[in-house]
Amino acid sequence: MYFSSYHTHFRRQLLALVILLSGMSHAFLTPFHSTTNAERTRMTLRYADDNDNMEVMRLQRVSLAGVSVSATGFWVLLRAGENAYYPLRVTDSIADTGAATSPEALTILQLLANVDMAGAILPPDLLARVTVLSCEEGQCDASVADEVLKIVHNKLPDGVETYGELHEWGQSRISLPVATVDEIIVEDDKQFTWRCSVKHLGRISLQPTVSTLEKICYDFRPQVSFAFLSIALALRYRAPISMKVNPQLEASFLTLEALQKRFPMYRSANKLQQTSQRPAIAVERVFEINKLQAALRIAMEKNDPAAVAKIRAALDEMDSMKDLPVQPDSDTSAMQ
């Protein structure tokens with residue numbers, strides 16, 4: 001629930017009490033009358049904007065049931081009911097065909113194991129930067145957006161009007177308001193709503209756009225980057241994940257039997273957490289391998305044999321490491 005500056009002190013206290021009793025931080029929860037577990041996870045959320053207009057949204061709370069590598073990339077499987085699973089692809093890399101080796105897949109695995117490397121794939125200031133850029137694009141109509149822009153724009157160098165105009169190095173020198181994720185809402189496999197809180201300012205809702213994420217992501221891929229960042233941020237901030245209830249999404253739900261048939265390498269989140277005592281997966285090393293491979297392609301295209309030899313030597317040295325983060329063949333049978 002968004003609070004505007006003109007609310008009285010009494011009304012703030014009254015609304016805070018109602019929210020506390022409802023058991024939610026920013027919404028009223030009205031369960032559907034049902035006897036099944038799946039339907040009990042459905043809810044109607046009513047949000048009030050700054051003009052007290054009510055927005056009604058039917059959502060289904062989901063959990064991250066597990067993950068799987070596949071011929072088409074790395075997938076997370078969201079559990080949407082007692083026997084309903086929604087597959088969401090978060091990478092399209094051939095690096096994840098037989099084992100999770102892409103930086104994005106390894107980041108998800110680490111976050112599931114409560115390890116946050118905060119590396120180049122998911123930098124610590126990513127949410128704050130997306131929030132500021134979304135406000136500049138006019139994607140956020142809350143009064144909080146005006147306050148965010150006022151704070152950031154006052155810190156810009158002379159002659160620069162927006163944060164987005166700055167080079168990445170210049171952006172890194174601007175102190176941004178602290179933002180956290182309250183909830184991730186899955187609209188479909190490429191559209192997500194991030195409900196966030198900005199410290200000392202209030203709550204804000206945004207839907208990242210292609211133009212925003214292209215400026216943020218190290219390797220932006222429109223088919224999967226929205227899903228990867230949304231799931232990764234939900235895990236980083238331990239935020240709940242919900243899905244908009246609509247027939248199109250429900251038509252994509254799989255039973256557990258269908259899921260295991262489609263994703264034979266599926267591994268449950270519980271199984272992953274049981275093995276979280278193993279050494280942390282070296283996401284940064286795999287990220288370096290990816291950069292070296294990209295540099296190798298460029299050197300070969302430019303017909304620079306000296307650079308090719310140097311890069312291949314570096315790759316050979318990294319490839320000799322026995323603790324690269326791959327799934328051993330002996331563990332294949334453990335996937336379930």
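Helices (H or I, at least four residues) and strands (E, at least two) are DSSP runs, numbered from the N terminus. By this definition the protein has 13 helices and 10 strands. The structure is a predicted model, in which local features need a pLDDT of at least 70 and side-chain atom pairs count only at pLDDT 80 or more, while totals for chains, interfaces and linings use all residues. Residues are numbered from 1 along each chain as its sequence is written, and side-chain values use heavy atoms, with hydrogens and water left out.

Confidence is described by pLDDT, the predictor's confidence in each residue, from 0 to 100. The average pLDDT of the protein is 77, and 73% of the residues score at least 70. The highest confidence is found in helix α8 (residues 225-236), at a mean of 95, and the lowest in strand β1 (residues 28-31), at 28. Over residues 1-40 the pLDDT is below 50; this stretch has 65 contacts in the model beyond near neighbours in sequence, a contact meaning heavy atoms within 4.5 Å. Residues 276-281 also have a pLDDT below 50, with 8 contacts beyond near neighbours in sequence. Where pLDDT is low, the predicted coordinates should not be read in detail.

Of the 336 residues in the protein, 46% are buried. Among contacts between residues at least 6 apart in sequence, 58% join residues at least 24 apart.

Helix α3 is mostly covered, with 10 of its 10 residues buried. These buried residues include Pro103, Glu104, Gln110 and Leu112. Just after α3, Asn114 takes a positive phi of about 65°, a positive value in a residue other than glycine. Asn114 lies in the loop between α3 (103-112) and α4, and it counts as exposed because its relative accessibility is 56%.

Helix α4 is largely enclosed by the rest of the structure, because 10 of its 11 residues are buried. Among them are Leu126, Arg129, Val132 and Cys135. The helix is followed by Gly138, whose phi is positive, near 80°.

Helix α4 (residues 126-136) also packs against helix α5 (residues 143-153): the two axes come within 9 Å and cross at roughly 105°. Here the axes are lines fitted to C-alpha atoms, for helices over the stretch in contact, and angles run from 0 to 180 degrees between N-to-C directions. Angles under 35 degrees count as roughly parallel, over 145 as roughly antiparallel, 65 to 115 as roughly perpendicular and the rest as oblique. Helices α4 and α5 are therefore roughly perpendicular to each other. The contact is made by Val132, Cys135 and Glu136 of α4, together with Ala145, Val148, Leu149, Val152 and His153 of α5. By class, this contact has 6 nonpolar, 1 polar and 1 charged residues. In this classification Ala, Val, Leu, Ile, Met, Phe, Trp, Tyr, Cys and Pro count as nonpolar, Asp, Glu, Lys and Arg as charged, and the others, Gly among them, as polar.

Strand pairing was assigned where DSSP finds at least two bridges between two strands. Strand β4 (residues 73-81) and β5 pair in the antiparallel sense over 6 bridges, and a hairpin joins β4 to β5 through 2 residues. The bridge partner of Val76 is Leu88 in β5. Strand β5 (residues 84-89) is mostly covered, 5 of its 6 residues being buried.

Trp194 stands opposite Leu206 in β8. These two strands form a hairpin with 3 residues between them, and His200 in the turn has a positive phi of about 70°. His200, a residue other than glycine, counts as exposed because its relative accessibility is 75%.

Phe220 is placed in the loop between α7 (210-216) and α8. With a relative accessibility of 16%, Phe220 counts as buried. Residues up to four places away in sequence not being counted, Phe220 touches Val210, Leu213, Glu214, Ser225 and Phe226. The C-alpha atoms of Phe220 and Val210 are separated by 8.7 Å, these residues being 10 apart along the chain.

Note on methods: Buried < 20%, exposed > 50% of the residue type's maximum accessible area, 1.4 Å probe, protein only.
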